[in-house]
Amino acid sequence: MARSTRTLLVGLAVVGAGILLAALRVNPYVYFAGYVILQYVVIATAWNILGGYAGYVNFGTPAFFALGAYTAVFLIQSTRAPLPVLILAGGLVSGLLGLGIGYLTLRLRGVFFSIATLALSIVLQTMIINWEYVGGSRGLSVIRPSGPPFGSYVTFLFAVMVLLSVVAVTVARFIERSWVGRGLAALRDNEEAAECMGVPTLRLKLFATTVSGVLLGVAGAPFPYYVTFVEPTSAFNLDYAVNALAMPMIGGTTSWVGPVIGAVLLGTAQQLATVTISSEMNLFIVGVVLVAFVVLAPEGIVGLVRRVRGR
Amino acid sequence: MAPALLEVDGLTKRFGGFTALNGVSLDVTPGERFGLIGPNGSGKTTLINCVSGALPADGGRIRFEGRDITAVPAHRRTRLGIVRSFQIPKPFTSMTVAQNLAIPLEYAAGARSDGADVAAEAMEILSTIGLESKAHTRPAGLTQIEMRKLELARAMAAKPKLLISDEAMAGLSSAEIDDILAILFRLNERGITIIMIEHIMRAVMRFSERIVVLDAGERIAEGTPDAIVRNPVVEKAYLGE
């Protein structure tokens, strides 16, 4: 009980610090870049619930992210729904997609599951391209609501993303330390043996794909207001798939800290590279770092630290 | 005769055009040491997969403690008390030996309470099987015999009523076989019914009270070890005419 109270306090402190930082109104670029990094904290954490805990590598991150974003676009177009509604709806729709993907695991494992998720992303993108109401292939301009807190909408979105990150990380940490997390680890190691040891593998997989989907959708829902112009190529960008996988791999996939470390490090490096060198250097950095880690530290930074500590 | 613990009735399993099991029936009584033998490819492992729920049966019924479990998923059968070990050990590689046992303790044996109880119980099982010194090692650091013991220990942690041991002794030395046999005898003395699938005749013959022989997906003989050894049909199945 004391432990969960402490977790709650730490979470609230982080949110508080985020709001404080937003209220300080420092250089706007800080919020602009901070939003992207935090968005990756949510994405990497969400990906890791399925990819790291359950061992099902999802290449379809863009599908879930963009579905959250386009659910928001649809709701903005049709009802001008407020941001909290967009986030909840984005999470719900992507969660349903996650549940559907979960049933795929009945037949597809390993690399075949990954291929199917990649295909899913392409199928979904094609559908959006052909849907005029949300902008089709030309894209759509979104007008931000007026009079945001902290004086600027990006600053406000930054504070929202701090909150969403804390929620995502708390969920991941809770799963990891509960019997659900132990069951997921068992099925990651050996699905057949897990089932034979009483682990309801299908139910746990459905849980993991759904929660992962919800959080990815949640990460995507504020995206239209952040960019103000949504078009399929950027919403379904392959960067999301690569980063979602690379960040947990670099940080370490077996613990909730791993994706956070990976997202902060890689996200920051990408932001710095974008302003100092060129925006094309992003993926190059990810590639080099990812290869280095897979070869030299397959258990990520968390694994390295554990090894140094002699565990 | 006591009512059967496990009743398999006319079980059929096909893989495409190949019939792996053709209307196999058998029953196992509570507390029995039951041997299942047959040449390679005779359907022993398929039968076990159907009984444990890893494969759906194409025909026939399976009852456990009088209850029809033909459509019950595998993890639920484990909770009912049907637990199997694997021919090729399938440990949870990212966990320590003790954590390997915690999974069935938590999921199958219904010990939902976190922490001390599960850990203590895991250690208790490991010490009865002689693996307590390895409790905090990962499976990658185990020898072949220790791996088999882990497989059995993990099955024990699921608190089975019926333990199906699928070739737990293949590839082990004579002394190691005696070691595993002693463990299985001890489990049986505690009231656990055991089905042993084994190619090592010395072990099955010594262990089993009753043996069923499969050949090409059909049941060809049943009897005490002595009767099975002298059965000409069994001899023909193994050695040909």
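Two strands count as paired if DSSP finds at least two bridges between them. The model is predicted.

Q: Which strands stand at the edges of the open sheet of 4 strands in chain B?
A: The sheet has antiparallel pairing and the order β2-β1-β4-β5. Each edge strand has a single partner, so one side of each is left without a neighbour in the sheet. The edge strands of chain B are β2 (18-28) and β5 (67-68).

Q: Over how many bridges do β1 and β2 of chain B pair?
A: Strand β1 covers residues 6-15 of chain B and pairs with β2(B) in the antiparallel sense. Within this part of the sheet, B:Lys13 stands opposite B:Leu21 in β2(B). The pairing of β1(B) with β2(B) runs over 7 bridges.

Q: At about what angle to β1(B) does helix α1 of chain B run?
A: Helix α1 (residues 44-52) lies across β1, β2 and β4 (59-64) of chain B. Its angle to β1(B) is about 115 degrees.

Q: Is B:Pro91 buried or exposed?
A: B:Pro91 is in the loop between β6 (82-85) and α3 (97-107) of chain B. Beyond four places away in sequence, B:Pro91 touches B:Asn100, B:Pro139, B:Met147 and B:Leu150. A residue is buried if 20 or more other C-beta atoms lie within 10 Å of its own. B:Pro91 has 20, so B:Pro91 is buried.

Q: Which element gives the most to the side of chain A that touches chain B?
A: The contact takes 17 residues from chain A and 20 residues from chain B. On the chain A side, the elements giving two or more residues are α7 (179-189) and α8 (191-196). The most, 6 residues, come from α7(A).

Key
Residues are numbered from 1 along each chain as its sequence is written. Chains are lettered from A and ligands numbered from 1 in the order in which they are written. This is a predicted model: local features need pLDDT of at least 70, side-chain atom pairs count only at pLDDT 80 or more; totals for chains, interfaces and linings use all residues. A residue is buried if 20 or more other C-beta atoms lie within 10 Å of its own, exposed if 12 or fewer, and partly exposed in between; C-beta atoms are placed from the backbone. Two residues are in contact if their C-beta atoms, placed from the backbone, lie within 7 Å. Axes are lines fitted to C-alpha atoms, for helices over the stretch in contact, and angles run from 0 to 180 degrees between N-to-C directions.
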